[in-house]
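Please examine the ligand site and the sheets in the structure below.

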Amino acid sequence: MTNQANGVRAYKQYIDGAWVGSDRLFDDLDPYRATVVARVPAGTRADAARAVDAAAAAFPAWADLPPAEKQVLFLRAADIVEKRAAEITALLAAETGCASGFAGFQILTAVRLLRQASNWAYLPAGEVIRSDIPGTFALALRRPLGVVAGISPWNGAQVLAWRTVVNPLAFGNTVVLKPSEEAPVTAGLLVAEIMEEAGFPPGVLNVVTHAPGEAVPIADEFFDRPEVRCINFTGSSATGRILAERAGRALKRCVLELGGYNPLIVLADADLDYAVEAAAFAAFFHSGQICMSARKVLVERPVYDVFVDRLAARAQTLRSGDPADPGTLIGPLITPAALDRVARDVDDAVAAGAKVLVGGTADGPCYRPTILADVPAGARIHSEETFGPVLIAQPVSDADEAVAIANSTRYGLSAGIITSDNQRGFALGRRIDAGVVHVNDQTVADEPQLPLGGVKDSGWGRSGPHSVADFTELQWITTREGTGGYPI
Ligand code: ADP
């Protein structure tokens with residue numbers, strides 16, 4: 001499926017169960033070393049067309065494959081991910097700058113997803129609904145959609161690629177996956193390798209890769225083809241909006257897991273040691289390059305000063321550096337351009353009057369864990385996601401003010417409330433406009449059986465077994481025993 005030149009693997013695309021070469025390859029770069037990790041096909045619209053053809057051809061047999069046979073395949077894939085964990089960890093570090101802690105999380109979650117999804121074909125396939133017409137038996141029957149086009153990001157490359165693929169497949173759809181150009185191996189081709197090894201039939205999953213800046217022709221094919229019934233996207237809100245507009249014109253479904261501006265609220269009754277650990281994890285894990293990363297910590301005034309002092313001290317203990325080193329907690333940002341964007345957002349806020357409590361500078365390709373205070377409302381970072389290890393600290397007078405600020409952004413993905421009064425936290429949590437709220441916990445979490453997803457500009461649709469609503473449609477089907485009875 002691949003060959004090796006100068007020690008760098010040259011990959012092929014995976015279409016209809018075969019590894020397909022390409023005239024053009026592009027360099028897939030290591031964000032820490034700036035070396036070439038892999039050479040990857042610069043796929044074209046014609047490749048996407050072949051992939052859609054293959055997925056459409058494979059659909060009827062896959063939809064009808066008995067649940068027990070699907071189950072064996074998903075379980076085998078889970079075992080293979082587990083078996084290849086060390087290799088996947090190394091690839092995630094090399095291709096995406098992912099340190100070992102987040103790699104372990106991604107692999108564990110992918111394995112659990114595959115094991116749980118192996119059972120989803122057994123979920124109730126609809127319901128019987130009583131008809132008022134004598135002798136008529138009516139069902140609302142869940143049917144797969146057809147071909148689902150998956151567009152996956154680089155940041156949680158493994159776990160998000162598996163989620164993009166497994167949710168629709170488990171309910172009987174076939175998939176064409178277009179991974180991010182920043183992670184074509186770990187967010188795409190590696191998934192295909194594992195599913196091939198597990199024995200999934202040809203065409204059930206197809207992976208088309210493309211060079212930087214060349215996503216649109218692939219997406220054009222997805223939108224123009226009637227066989228593609230749904231776009232399953234995880235990425236930025238800006239790109240999600242473009243895709244939703246196109247899906248609207250094409251009258252296709254789309255499932256969108258987008259950005260967030262996730263608040264972490266620390267109430268005065270919180271265990272502050274715990275709150276500091278929770279905030280450091282939420283803001284700085286994977287260099288803040290997680291859609292659920294905490295962007296703002298809202299702290300009740302009586303504990304604000306002591307909390308931010310302790311959090312700033314904790315941030316200084318987080319070692320940044322080579323993601324391949326198991327001691328590293330903070331790896332590089334994904335590209336030099338991403339590093340520049342984060343630095344610019346911080347510098348602009350500082351120029352407008354923000355105070356740097358810790359960090360605020362780059363460390364080679366990494367950005368130091370950073371906490372800003374007194375960020376003026378006009379600064380971009382005050383209400384917009386910057387995809388890096390930057391947290392804004394803001395004191396609040398009370399919990400009501402914290403909830404109002406939490407709800408004041410255009411996003412609504414994840415929120416955390418740290419309090420020792422869980423009942424009060426629960427009541428506050430129910431007032432927050434977010435798809436996910438964790439009481440006495442922070443914002444970053446994923447479990448395959450739970451419905452992760454956003455509201456407002458953070459998207460729509462939910463992952464896990466609840467995605468049955470997104471990846472199937474209901475057919476009202478009746479059978480009638482009697483005859484006659486029509487009014488004409
Ligand atoms: P980021 O800016 O963090 O890379 P994006 O939302 O741009 O996030 O990327 C997520 C995924 O969306 C990637 O697979 C990328 O190739 C894809 N993508 C970006 N722009 C478009 C577009 N206009 N049409 C289709 N896919 C796109």
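Predicted model: local features only at pLDDT ≥ 70, side-chain atom pairs only at ≥ 80, totals over all residues.

Residues are numbered from 1 along each chain as its sequence is written, and side-chain values use heavy atoms, with hydrogens and water left out.

**Ligand site**

- The ligand sits in the largest pocket. A pocket is an open set of points on a 1 Å grid over the protein atoms alone, where a 1.4 Å probe fits and protein lies on both sides within 12 Å along at least five of seven lines; a molecule sits in it if more than half of its atoms lie within 2 Å of its grid points.
- The elements giving two or more residues to the shell around the ligand are α7 (215–224) and α8 (237–250), and α7 gives the most, with three residues. Helices are DSSP runs of H or I with at least four residues, strands are runs of E with at least two, and both are numbered from the N terminus.
- Around the ligand there are 16 residues, of which S152, K178, E181, S236 and T239 come nearest; a residue counts as near if one of its heavy atoms lies within 4 Å.
- K178 places a polar side-chain atom 2.9 Å from an oxygen atom of the ligand, and a polar backbone atom of S180 is 3.5 Å from a ligand oxygen atom. A polar contact is a pair of N or O atoms within 3.5 Å.

**Three-stranded sheet**

- An open sheet is formed by three strands in the order β7-β8-β24, with antiparallel pairing; two strands pair if DSSP finds at least two bridges between them.
- Because β7 (126–130) and β24 (472–480) stand at the edges with a single partner strand each, one side of each is left without a neighbour in the sheet.
- Strand β8 (residues 136–144) is joined to β24 by nine bridges, and A140 stands opposite W476 in β24.

**Seven-stranded sheet**

- Seven strands make an open sheet of mixed pairing in the order β16-β19-β20-β15-β14-β21-β22.
- At its edges stand β16 (355–358) and β22 (436–439), each with a single partner strand, so one side of each has no neighbour in the sheet.
- Strands β14 (residues 262–266) and β21 (residues 414–418) run parallel and are joined by three bridges; V266 has I418 in β21 as its bridge partner.

Technical notes
Polar contact = N/O pair within 3.5 Å; in protein donor to acceptor, adjacent residues only side chain to side chain. 1 Å grid on protein atoms, 1.4 Å probe; cavity = no way out; pocket = protein on both sides within 12 Å on 5 of 7 lines; lining within 4 Å.
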